[in-house]
Amino acid sequence: MRLLDGVVRPYAWGSRTALADLRGLPTPSAHPEAELWFGAHPAAPAPAHDGDSIATLLEVIDADPAGQLGAQCADRFGGRLPFLLKVLAAEEPLSLQAHPSLEQAKEGFARENARGIELGAANRNYRDDNHKPELVVALTDFDALAGFRDIADTVELLRVLQVPELDSHLGMLAGQPDPQGLRALFTTWITLPESALSVLIPAVLAGAIRYLESGQTHFALVARTILEIGENYPTDPGVLAVLLLNRVALKPGQGLFLPAGNLHAYLGGTAIEVMANSDNVLRGGLTPKHVDVPELLRVLDFTPVAPADIAPTVHTVNTELIYQAPASEFRLSKVELDGTGMRRPSSILFDVPGPQILLCTSGSIELRGSAKHLLVPQGSAAWIGDDEPDVVVHAASAHSTFFRTLVPGNF
């Protein structure tokens, strides 16, 4: 068992309070703190404490892959920890983006290597050869755009906005209300020159204002989102993409699973995020960063989905709330313990093989093995390697909450 420190990623869209509050640090922080990484990704491996010695989790695993991951997991994932666990804190919208499938990632990574594009280059799409299915579970109210909306609903939205400049685009989708029609419309929008966007986007924003002023409510959340994003990105085609995507509002404890090809953008809030151990992102807008339109179109899945279709199945086993998602690299669960033992159990036993990370988000927890005790405060995490004996987790405060990530194929 080792105590893990999270590594802060200071992206501009991050919060100056959420991650500092979680770790019990003064607020506001000196700069935006967007993500707190707990994992072994080479870009930001977590420091792992073992008594007085500190090594990164990547170094710990590399020194003994079979012992830390288990022989089955080490063989299956090439000696790498297959998941990356984060806390995400968005004060502003993230870029509109999608992630490749495993086959697309392997091909794209090899192709860019052959072209001699450096891994850190701004125009690099594939920074590794892995896919990146991801699951988020809200810690606070959490807003997102995720997946293409039902086409009939989108056609109705374009109609009720009553924007003459959208008429030809509306006709394109109404005339072909299927994934190919969506592809054609999205491709048209994302390739519009700035001169055309500078006319179309203000017209759409004006339509959203008229819709809200009319007192209609069915698309009110979408209309407000268009206005919020359009204010910050007045000539970005990502504003138009809002018209095509599901607007999702998660309450604490609710989740969202994003498979390969799902176009999405996180808008605001704090959440736990777990994903396959990858940093591959194809951006589609709402960002000054590199946007490779042909490559994005190659990986996007234009099949409409309902928000319920991308919500994880949730079930309870004893005190563990499990978020079941179709990913072979990770399984995420939430555990609440009561230090008084009055309302909930005060401890839980974990005895499954393979690697695990326990991230404490409220109170503190104590891990007890045959030879080690480890206190994990709020905002920190614990690493449990495969070679650890059975571990009992106790509440070390009146109320303790932690999230558990493991590799589901190991049991």
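A crossing of two helices is left-handed if the near helix is turned anticlockwise from the far one by less than a right angle. In this predicted model, helix α6 passes helix α7 in such a left-handed crossing. The briefing below covers that helix pair, the nonpolar cores and an annotated domain.

**Helix pair α6 and α7**
- Helix α6 spans residues 151–160 and helix α7 spans residues 167–175; their axes come within 10 Å and cross at roughly 160 degrees.
- Angles over 145 degrees count as roughly antiparallel, and α6 and α7 are therefore roughly antiparallel to each other.
- On the α6 side, the contact is made by I151, T154, V155, L158 and R159, while α7 contributes L170, L173 and A174.

- In soluble globular proteins, nonpolar side chains tend to be buried together.
- The largest nonpolar core here comprises 52 residues, and L166, F186, W189, I226, L240 and L243 have the most contacts inside it.
- Helix α9, residues 194–213, gives the most to this core, supplying eight residues.
- Beyond its neighbours within four places in sequence, F186 is in contact with A241, L244, L263, L296, L297, L300 and F302.
- Another core, of 36 residues, lies apart from the largest one and includes L19, L36, V137 and L332.

**Annotated domain**
- An unreviewed UniProt entry lists residues 4–150 as "domain: Phosphomannose isomerase type I catalytic".
- Across residues 4–150, the chain is 25% helix and 27% strand.
- The end C-alpha atoms of residues 4–150 are 42 Å apart.

Terms used. Residues are numbered from 1 along each chain as its sequence is written. This is a predicted model: local features need pLDDT of at least 70, side-chain atom pairs count only at pLDDT 80 or more; totals for chains, interfaces and linings use all residues. Side-chain values use heavy atoms; hydrogens and water are left out. A nonpolar core is a set of buried Ala, Val, Leu, Ile, Met, Phe, Trp, Tyr and Cys residues joined through side-chain atoms within 4.5 Å. Buried means under 20% relative accessible area, exposed over 50%, partly exposed in between (1.4 Å probe, protein chains only). Helices (H or I, at least four residues) and strands (E, at least two) are DSSP runs, numbered from the N terminus. Contact means heavy atoms within 4.5 Å. UniProt positions are given in the numbering used here, feature names are shortened, and annotations may be inferred rather than shown by experiment. Axes are lines fitted to C-alpha atoms, for helices over the stretch in contact, and angles run from 0 to 180 degrees between N-to-C directions. Angles under 35 degrees count as roughly parallel, over 145 as roughly antiparallel, 65 to 115 as roughly perpendicular and the rest as oblique.
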